[in-house]
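Open the model in your viewer and keep the sequence panel beside it.

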Amino acid sequence: MQTAGIRSTGAYIPMLRLSLGAISGGRKASGGSGERAIAYFDEDAATMAVAAATACLEGIDRSQVDALYFASTSYPYREKQGAALIAKALDLRREVVTADFADSTRAATVALRAAVDAVRAGSARNALVVAADCRPAPPRSPLERNFGDAAAALLVGTEEVAAVFEEQVFLAEEIIDVWRTEWDRFVRSWEERFVVERGYSENVLQAIRALLEKTGARPQDFSKLVAYAPDARSLAGVARAAQFDPKTQVQDPLFGRLGNCGAAFAPILLVAALEQARSGERFLWANYGDGADALVVHTTEAVQRLAKRRGVQWHLARRRELADYDRYLNYRALYPSDGDRRGGQGVSATVHYRDRNEDIAFHGQRCRRCGTEQFPFQRVCFQCFARDDFEEIRLADRQGKVMSFTFDYFAGSPDPPLIVTTIEVEGGARVYLQMTDAVPEEVKLDLPVEFTFRKIHEYGGTPNYFWKCTPVRSIGW
């Protein structure tokens, strides 16, 4: 049996932050302590998953990825695989095995176990696990204050492993504590004391104690307890009960900076821990949701490579405060407006299928005769006029620069103006794209941009995905 572990990690946290004071009180984001990450109006679990996975696969040969497992409780479709969409956006091989793990905040650790088992058994050389959530909570509720939006990705393989899984315990429990049915618009929760005491604390403690008994390890043998939690106080209580020091041995749960991001919460905390880890450290990683999981994670010398990636700390530093709670409600389609973002006729399934390489994988084409690159697909090269003699190329991983731009205040955007640009991509292709995560004051000619997978609209009640551009940000931005 091969030694399988984490080869690479990736994270994505939306740039926007909403003050907890704005949720509790008035419209303005003033007062109160802390903030939470919120997805922009063109983001959801699928787009965030693509961003995290893209970061995870940087420098990795994508042809070596044999499986992609997607964990989420908030993927927009009820009957359509999210993993297949993500695999297409990542430009993975068609032979990749795709599967969705859903309906529980514990989905990511279950998906990770499946990935590790596949790699150990030899049925996959590398398996990519991506978790993302954008959970809907009732406006101004305690859940809305605690939630956050984010995604994390872990690549499991046998080469250049940064962390290995030494032992694990998985426990299932039937309990109705936090849930959402097909007919519920928002996540629902039972009385808080029951949720924490009978659900979270009881199950997570049982999993941790079972793992310590199974391994013969003591709490002091671990550098960190990296654990899912409904709130910071509950996590501290579990840590003390398990005899971990809450001040020195518990990974920062990021409440007041990120929030509980559902199925992505435990993975993103592990990514954050690995970014700062040294060789030879051991983490006790715990997750919760209809039961609990506990795993021993042991770092290797290769873990130092992960600190150089665009990870959790980079995204936490890249922030912009949303000044108006009403605007947040509009992003979530919870605020009355003149336009229905889900109304109108949806995209033709035939057109979507025909254009999926351009729209989802963001492929352009290169003329085989003169090397000119262009987008979208055309039959004739505009440079040498060669006909039907092109090869497909991936544009998503490149950068570009702004050649022209305009601000459209009449397009019906939830956050006007809509910024429309012409971008020259590295290599010469020119593309006509919307710009996102930007304000008009920073848009200028020759502005460096990169590309991000986003929603364009939701006409017909289904999300229509395409690529947008966004300014290249430095860590200190």
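Start by selecting Thr-109 together with Phe-170, Trp-285, Asn-287, Asp-293 and Leu-295, which Thr-109 touches when residues up to four places away in sequence are not counted; contact here means heavy atoms within 4.5 Å. This is a predicted model, in which local features need pLDDT of at least 70 and side-chain atom pairs count only at pLDDT 80 or more, while totals for chains, interfaces and linings use all residues. Residues are numbered from 1 along each chain as its sequence is written, and side-chain values use heavy atoms, with hydrogens and water left out.

Stay on Thr-109 and show helix H4 (residues 107-121), where this residue lies. Helices (H or I, at least four residues) and strands (E, at least two) are DSSP runs, numbered from the N terminus. Is Thr-109 buried or exposed? Thr-109 counts as buried because its relative accessibility is 1%; buried means under 20% relative accessible area, exposed over 50%, and partly exposed in between, with a 1.4 Å probe and protein chains only. Now draw the distance between the side chains of Thr-109 and Asp-293: a polar contact of 2.5 Å joins them. Such a contact is a pair of N or O atoms within 3.5 Å; within protein, one must be able to donate a hydrogen and the other to accept it, and residues adjacent in sequence count only if both atoms are side-chain atoms.

Next, select Leu-284. Its contacts include Ile-208, Phe-222, Phe-244 and Leu-295. Leu-284 is also among the residues with the most contacts inside the largest nonpolar core, which has 79 residues. A nonpolar core is a set of buried Ala, Val, Leu, Ile, Met, Phe, Trp, Tyr and Cys residues joined through side-chain atoms within 4.5 Å. Colour helix H8 (residues 265-275), which gives this core its largest share, nine residues. For a second, separate core of 54 residues, pick Ala-87, Val-425, Ala-438 and Val-449, which are included in it.

Switch to cartoon view for the sheet. Nine strands form an open sheet with mixed pairing, in the order E5-E4-E6-E7-E1-E8-E13-E12-E11; two strands pair if DSSP finds at least two bridges between them. Strands E5 (97-102) and E11 (224-227) stand at the edges with a single partner strand each, so one side of each has no neighbour in the sheet.

Finally, colour by domain: domain 1 is 5-331 and domain 2 is 349-471, with bounds from an automatic or database domain assignment. Their contact takes 25 residues from domain 1 and 23 residues from domain 2.
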